Amino acid sequence: MQQAITLPSAKHVFWLTVLVTAIVKLWLASFFPMTGDEAFFHLWSTDLNWGYYDHPPMVGWWLWALSHVGNQPIVVRSLTLLLTTVIAGGIVLLARELLPRDQEPRAWLAGAVYLSMPASWFAVFVTTDTPLIFFMGLSVFTYVRAIRAGSGAGIFLTG
């Protein structure tokens, strides 16, 4: 017979996973030199524009804001480092809302599973997909919350 995991145990697993993945991502972000694309996007941040010849401009805008903090690779990659953790938090919040109350430990475990995926660990490099991934996660979060609340304005915001 399988024993159910308790809520405190599930929260512990989630926060331990957040800590371990943060350490791994910090190490990866510090160890690997900046890629050519990252340097290219960082160069964009020195001359903001509404668009660039081959990529959407938002990553340049984000890096422009970060360049006021510093130009070290760890600073340039800081938003990317936080991205998967923020999405995992959104997964936990949505799963807590969608699952029956007695299934809340599964919500915390779902966030831990998301963080445990190798794609989450290697999401340290700045790409044009970084803002896209953030806004896709935000859109899904907003959509589910809007559907549950019956909010037409919320559904509009997801677009």
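**Close-up views of helix packing and selected residues**

**View A. Surroundings of Thr130.** Thr130 touches Trp62, Thr80, Leu83 and Phe125, residues up to four places away in sequence not being counted, where contact means heavy atoms within 4.5 Å. The model is a predicted one, in which local features need pLDDT of at least 70 and side-chain atom pairs count only at pLDDT 80 or more, whereas totals for chains, interfaces and linings use all residues. Residues are numbered from 1 along each chain as its sequence is written, and side-chain values use heavy atoms, with hydrogens and water left out. Thr130 lies in helix 8 (residues 129-149), helices being DSSP runs (H or I, at least four residues) numbered from the N terminus. With a relative accessible area of 5%, Thr130 is buried (buried means under 20% relative accessible area, exposed over 50%, and partly exposed in between, with a 1.4 Å probe and protein chains only).

**View B. Helix 1 against helix 6.** Helix 1 (residues 7-31) and helix 6 (residues 104-116) pack at an angle of about 15°, with their axes 8 Å apart; the axes are lines fitted to C-alpha atoms over the stretch in contact, and angles run from 0 to 180 degrees between N-to-C directions. Helix 1 is therefore roughly parallel to helix 6, a term for angles under 35 degrees, while 65 to 115 counts as roughly perpendicular. Among the residues making this contact are Phe14 and Trp15 of helix 1 and Trp108 and Leu109 of helix 6. The residues of the contact of helix 1 with helix 6 divide into 11 nonpolar, 4 polar and 2 charged (Ala, Val, Leu, Ile, Met, Phe, Trp, Tyr, Cys and Pro count as nonpolar, Asp, Glu, Lys and Arg as charged, and the others, Gly among them, as polar).

**View C. Buried residues of helix 6.** The buried residues of helix 6, including Glu104, Trp108 and Tyr114, pack against helix 1, helix 5 (78-98) and helix 7 (118-121).

**View D. Helix 2 across helix 3.** The axes of helix 2 (residues 36-44) and helix 3 (residues 58-67) come within 7 Å and cross at roughly 75°, so that helix 2 is roughly perpendicular to helix 3. Phe41, His42 and Trp44 in helix 2 meet Val59, Gly60, Leu63 and Ser67 in helix 3, and this contact has 4 nonpolar, 3 polar and no charged residues.

**View E. Pro73 in helix 4.** Pro73, placed in helix 4 (residues 73-76), counts as partly exposed at 33% relative accessibility. Pro73 touches Ala29 and Met34, again not counting residues up to four places away in sequence.

Methods: Helix = DSSP H or I, 4+ residues; strand = E, 2+ residues; numbered from the N terminus. Parallel < 35°, antiparallel > 145°, perpendicular 65-115°, else oblique.
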